Every structure is written in C-alpha cells, then in structure tokens.
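Hi,

Here is the structure I promised to pass on. Have a look at it first, and my notes follow below.

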Amino acid sequence: MIPENIDDIIRRQFDKTLNSTNFTALGEFYEGKVRDNYIKGDVRIIIATDRLSAFDRVITTIPFKGQMLNQISSFWFEKTKHLVKNHIITIPDPNVAVVHQCEMIPVEMIVRAYITGSAWRAYTKGETTSGIILPKGLRKNQRLDDIILTPSTKAESGHDIYISREKILNDNMVDKDIYAQMEEASYKLFKFAQNYCYKNDLILVDTKYEFGLKDGELLVTDEIHTQDSSRFWISNSYDERLAKGEEPEILDKEIFRGWLMDTYPDIFPNIAPSQKIPPISSQIKIELAKTYMKSYKKITGSEFKPEVSDVKERMVKNLKKANYL
Ligand SMILES: Nc1ncnc2c1ncn2[C@@H]1O[C@H](COP(=O)(O)OP(=O)(O)OP(=O)(O)O)[C@@H](O)[C@H]1O
Ligand SMILES: [Mg+2]
C-alpha cells in the first residue's frame, strides 16, 4: 500500500477540526483565544482547540494543532514532574488536560537565555526589564551570560507589565518563601528543557511559567514549553545568522503572520477588532499544519502521527469513558 500523502491527510481533516466547544456539563466556561476551560470544584478541564490566533485575533483552525500543542505541554509536564510538581491530573484525550484548579499566583515568571523581543526593545531605549541591569554593548538576539528572570503581572489588555523582584516582595504580592520556590522551579524547568532542546538542534530562547497553589503547595500550571508560551530558534543556523546580522530561524507562526501581511496588506497587521477575517487559503493551512508537525518532532524528538477523525466526537467519547461527561 502506498502511504497516503501528508497533504491529503491534512486536507481530509479540514472539516473535522475543533473550533469551539459547548460542554456545559463540564462546569463553568472560560474561553481563551486558543483554549476552552471548564471549571467545576477543584477540577479544571483545559481543551486545546485547533484555533489559530495572530495579531490578537482568532483567524482560522489548523488540523491537529490543538492536539499537538496539548501533547507537547503534556510531554514536558511528564518529563519534568520529578523536578517540579505540576497541575496535571490526567490526559483523557489528545486535546484535553484535566488539572487541579489552583489559586493562581498573580505574577508570571518569564525566563530568558537570550536578549530579544520586548527585553531587547527596552534595552535599546536604555530601559531595564523587571529592574534587571544588563551589560552594555549587547547585540540583538545575543545569548546572555546568565539566564535571567523577568517577572510580570498579567494586564487586562493582555500585554505584560514587568515588575521587579523587590517590588513583588516589598508589596507582598507573593509570599517570600513561595516566591523563592517559584524562582527555583523556573530555573530548574528552564535548564532541563534547554538541555533537552539543544540535543534536538533547538534553542529554547525564552519562556513563561504560571504557578498556582493547591492546598498550600506550589504547582506549575497552565502550559509549559509550547510554541504559544515559548520562543524556539533552530540552533545550527544561529551563529551564522547572528554573525551576518540576520534574524534566527524560528518555529511556527511567523510564516503565517508574513502570509497574512503579504496577502492582505490593507488588513494586517493592524486589523480592527470588528473587522471580518478574510479567506484563508487551504495551501497556507496545510503548510502551517506541516510546520507544527515539524516543530512537534523537533521539540519532543518523536514523529507526530496524524489520524483523521472528528475531534469533537472522539473527545466526547473519551470524556465519557473517563467519567467527566
Ligand atoms: N491549574 C490552574 N488553575 C487555575 N487556573 C489556571 C490553571 N492553569 C491555567 N490557569 C489559567 O487558566 C487560564 C487559561 O486561559 P487561556 O490560556 O486559555 O486564555 P488566556 O490566558 O486568558 O488568554 P490567551 O488566549 O491569550 O492565552 C489562564 O488565565 C491561566 O492562568
Ligand atoms: Mg493563556
């Protein structure tokens, strides 16, 4: 038998992707851009949908994306559970994580091994990030001598507000002992993932961790080391590109943002909140699904094996089997 072409598999999944859910029986509903959350008592059910967001809008769905993201995060939680306790209870379906509902800590821990993104923009203006003073003369995307922590608080607008360690502790935003545990956990998780990624020719550039308390115990929550919470670069082209002053090769979404801006220059990047999303071609959706598959392989070290199936149907079956529905 000739193995089916991957493009065809992805195409067959187009009308079976998971765009939205409506499981009122699972609990109180909270909708994120990409994930649907249901809360009942001390259990939270996080469903990774196939929604793809860019420029702060949900643009389309991408076959297998939710599954890949949930499985990448679950992979890391499993690999690091001996280092830091996490919120996972069980993974009843490839798209679903059942977790301990925690009292969330209002500070996110952002860990950086390279200077890029918003920390770079601040640096060029002579500003610090979370009060951290960096050496003079750094170049964009350069590796830092030491990993730094730039904590932030979640702003309503979705943009991070950086805050210094001193202020967090002086204002009692987080208990001193808990904060020390968060710092230790962040370093441990980051260093573990960084080393793992290097072996797969990947640089873990920076990432964000969210923590919560469950019966007074600190747990790492949300998702970890996914493309939505972290920045990854390809390591074997990094030095050459840095030397030439070029941007590093990155994973995922950037090709899509580029496609949107090239195809619809009048609409992107500054799409208005009320503006209708223009048509998205099958070809770019297939490209993107394949890019996510490549990333899945790079990050986890194993091949993603797509199976065409109606995600919602399968999920209902699995949630029933596990007694959540
Ligand atoms: N174990 C947990 N207990 C309680 N809350 C959690 C837990 N894990 C994650 N959360 C919270 O659940 C919410 C998940 O929302 P989600 O990530 O889907 O959307 P969002 O963060 O509001 O927006 P975005 O789509 O931009 O990420 C976040 O506020 C996160 O802090
Ligand atoms: Mg989130």
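Asp56 isn't a glycine, yet its phi is positive, about 65°. You'll find Asp56 in the loop between β4 (51-54) and β5 (57-61); helices (H or I, at least four residues) and strands (E, at least two) are DSSP runs, numbered from the N terminus.

Before going on, some housekeeping: this is a predicted model, where local features need pLDDT of at least 70 and side-chain atom pairs count only at pLDDT 80 or more, while totals for chains, interfaces and linings use all residues. Residues are numbered from 1 along each chain as its sequence is written, chains are lettered from A and ligands numbered from 1 in the order in which they are written, and side-chain values use heavy atoms, leaving out hydrogens and water.

Asp222 also has a positive phi, near 55°, and is a residue other than glycine. Asp222 sits in the loop between β15 (217-220) and β16 (230-234), but is buried, at 16% relative accessible area.

Pro269 belongs to the loop between α7 (254-263) and α8.

Now the ligand. Ligand 1 has 17 residues around it, and Tyr30, Lys33, Arg35, Arg44 and Glu210 come nearest (near means a heavy atom within 4 Å). By class, that shell has five nonpolar, six polar and six charged residues; Ala, Val, Leu, Ile, Met, Phe, Trp, Tyr, Cys and Pro count as nonpolar, Asp, Glu, Lys and Arg as charged, and the others, Gly among them, as polar. Strands β2 (35-40) and β7 (96-100) each supply at least two residues of the shell.

Which atoms of Lys33 and Arg44 lie 2.8 Å from an oxygen atom of ligand 1? For Lys33 it's a polar backbone atom, and for Arg44 an N or O atom in the side chain. A polar side-chain atom of Asn37 is 3.3 Å from an oxygen atom of ligand 1.

Last, helix α8 (residues 282-300) gives the most to the lining of the second largest pocket, with six residues. Among the lining residues are Ile234, Asp252, Glu287 and Lys298.

Cheers

Technical notes: 1 Å grid on protein atoms, 1.4 Å probe; cavity = no way out; pocket = protein on both sides within 12 Å on 5 of 7 lines; lining within 4 Å. Polar contact = N/O pair within 3.5 Å; in protein donor to acceptor, adjacent residues only side chain to side chain. Buried < 20%, exposed > 50% of the residue type's maximum accessible area, 1.4 Å probe, protein only.
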